[in-house]
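Hi everyone, thanks for coming along.

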Amino acid sequence: MVKEMKKTSLGLLPNDWKLDILEHCLKIQTGTRNTEDKKENGKYPFFVRSSKVEHIDTYHYDCEAVLTAGDGVGTGKVFHYINGKFDAHQRVYILTDFDGIEGKYFYYYFRENFLKEVSKYTAKSSVDSVRRDMIAKMVVPIPKLEEQAAIAESLSDVDNLIFSLQKLIEKKKAIKQGAVQKLLTGKKRLPGFNEEWEELNFAESAKLKARIGWQGLTTSEYLQSGFAYLITGTDFHSGRIKWDTCHFVDEKRYKQDLNIQIKKHDILLTKDGTIGKVAYISDIQKPTTLNSGVFVIRPAKENSFDPNFVYHVLNSFIFDNFLAKLSAGSTINHLYQKDFVGFTFKAPSELVEQQAIAQVLSDMDSEIEKLEKKLAKYQQIKQGMMQELLIGRIRLVDADDKEQPKTQILQEKQSQPAHNQHFDDAVMIAGIVNAFYSEKYPLGRKKVQKLLYLVRRKEQADISAFHKKAAGPYADEVRYKGGEPIAQKNKYILVKRNEKGSRFEKGAQMQRALAYLQDWGKQTDIDWLVSQFQYTNVNDLELFATVDMAICDLKQEGKEISVASIKGLIRSNKEWRDKLKKAYFKDADIQRAIKKCQDLFES
């Protein structure tokens, strides 16, 4: 915490921080290239006036630099950091030759504050262009170099985590899109289904209801709180209703609108304004109704279709293509019931297959949604860090002692236990227990062992401690003389035993283990485990870990990977062969596990 602060033109700052203007700290220049100089497969980065980095075959600069747009829509909003060879557009500012200020620290401060700086020079809501003096005369706070480096490293770590989550979300969305293309057209069938698909006419099999004219709501009836939710077209978000944006209506108004009182498993579709947005009501917390711009869709007869399946159809390219044909290249602002007469699509004749397909796609959506929530959380954390670190409200370096940073680092290194595999396992087990412990669902040794195996595979670490035991892959070493007893001794975890076996809980010193995870950069591995396996049952974990170990063995022997070869390897081991008698080691499950492991460890 900061002990003493001083008033400055930038507000309160630590006493040991100084202020300076940028022209004293760096060189300011502009590029020389035109947009037309870009090459699609050029060797070097080419920075233009947008967030997209183009490419070019030649370079004028080979240095550490921060770049920002000099005009255009990116003014005050587009920033880049690079350390290497690059070129730049003639209206891009290039800031180099940093003197007394760390390039990466400056990048974070500049990106956070420059728009506010240039906005002082215009009375308009947007900034058209940047003059050199707007940069040159900008005042920046300057801590000691070691503190600048610490701030930059912390923010860079969060950036890397955010970037990895963004890439993971992109990958999951691409996988989902591929699944939609195959599962909703019958090109890929789920195991156990082979009945023919039939053509389903939407107008015949579905009922579409909406608020009719005499029921129209006035804006005075849109309440900030009330008896029932009122859903409008603006409340749709990624296939769900964003309940915290909804208005309300009173009880009398809700009861007047019998045909649009929303129930669980209803499908909603926007019919006015931005048409074609779809949402599925998987759960409902309180009475809910619609405004006039939304259809509610239900099966015309019991078992006409599975609503969740049809939701996925309406949320796919199938319905997009129908809307494109309906509009025939023009913009349409309304959908009517009669428009759906020509909407047909293939669907499984068996309701249970529709439900199975819908469940697969919903599980994918749920996984993506969880990752997006985690991404939003990290972005919020980063924003808070930026605000606190860049004004010195939180200090990463002790201001009272010049030698304190180095001394502190040495003391921390000396106080840490030996960084060997056994201690790594102890800390990782603590992280697993912290992330997966639940009072409702006890956490047993079998699950912990499988998660430890899987995270080692993710890290491409040594898995030789794990053997082909009946519950395997299983590491006796981890249980008896490795990570588990160390974690217990250090009070990172508690292991309670009863007639059902051992149960793992958080220990009194759990936070110490979590601090090691952060220091060693291992928390991201725990986050990966959660993103992949938070709701995976222990049988599936055994399936995945077993199949993965078999894949590793088969690859080492140069053999093909298939259900048959996996089963053959399992059958060849005396302790493993009984796995094939288990309900969750059927051929379809092994095939599913092969795909899962390839997605996890080979991409």
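Before the sheets, two terms: two strands pair if DSSP finds at least two bridges between them. Helices (H or I, at least four residues) and strands (E, at least two) are DSSP runs, numbered from the N terminus. What you see is a predicted model, where local features need pLDDT of at least 70, side-chain atom pairs count only at pLDDT 80 or more, and totals for chains, interfaces and linings use all residues. Residues are numbered from 1 along each chain as its sequence is written, and side-chain values use heavy atoms, with hydrogens and water left out.

Six strands make up an open sheet with mixed pairing, in the order 4-9-7-8-5-6. Strand 4 (27-30) and strand 6 (53-56) are at the edges with a single partner strand each, so one side of each has no neighbour in the sheet. From one strand to the next, the twist averages 45°. For angles, axes are lines fitted to C-alpha atoms, for helices over the stretch in contact, and angles run from 0 to 180 degrees between N-to-C directions.

Inside this sheet, strand 5 (residues 44-47) and strand 8 (residues 79-88) pair in the parallel sense, over two bridges. If you want a spot to look at, find Phe47, which stands opposite Ala88 in strand 8.

The loop between strand 9 (92-96) and helix 1 (103-119) holds Asp97, and the phi of Asp97 is positive, near 50°. Lys491 is not a glycine either, yet has a positive phi of about 65°; look for Lys491 in the loop between helix 13 (483-489) and strand 22 (493-498).

Strand 13 (residues 228-231) runs parallel to strand 19, and three bridges join them. Across that pairing, Tyr229 stands opposite Thr288 in strand 19.

Thr288 also turns up among the contacts of Gln261, where contact means heavy atoms within 4.5 Å. Gln261 sits in the loop between helix 5 (251-256) and strand 17 (267-270). Leaving aside neighbours within four places in sequence, Gln261 touches Tyr254, Lys255, Asp266, Thr288 and Arg298.

Last, the helices. Two packed helices are described by the angle between their axes and the distance between the axes. Angles under 35 degrees count as roughly parallel, over 145 as roughly antiparallel, 65 to 115 as roughly perpendicular and the rest as oblique.

Helix 10 (residues 421-436) packs on helix 14 (residues 510-519) at about 110°, with the axes 9 Å apart. That makes the two helices roughly perpendicular. Phe423, Val427, Met428, Ala430, Gly431, Val433 and Asn434 in helix 10 meet Met510, Ala513, Leu514, Tyr516 and Leu517 in helix 14. Those residues divide into ten nonpolar, two polar and no charged. Here Ala, Val, Leu, Ile, Met, Phe, Trp, Tyr, Cys and Pro count as nonpolar, Asp, Glu, Lys and Arg as charged, and the others, Gly among them, as polar.

Contact residues include Leu543 and Phe544 of helix 16 and Ile590 and Arg592 of helix 18. By type, this contact has nine nonpolar, no polar and five charged residues.

With helix 11 (residues 445-458), helix 16 packs at about 40°, with the axes 9 Å apart. These two are therefore oblique to each other. Among the residues in contact are Lys446 and Leu451 of helix 11 and Glu542 and Ala545 of helix 16. That contact divides into eight nonpolar, no polar and six charged residues.
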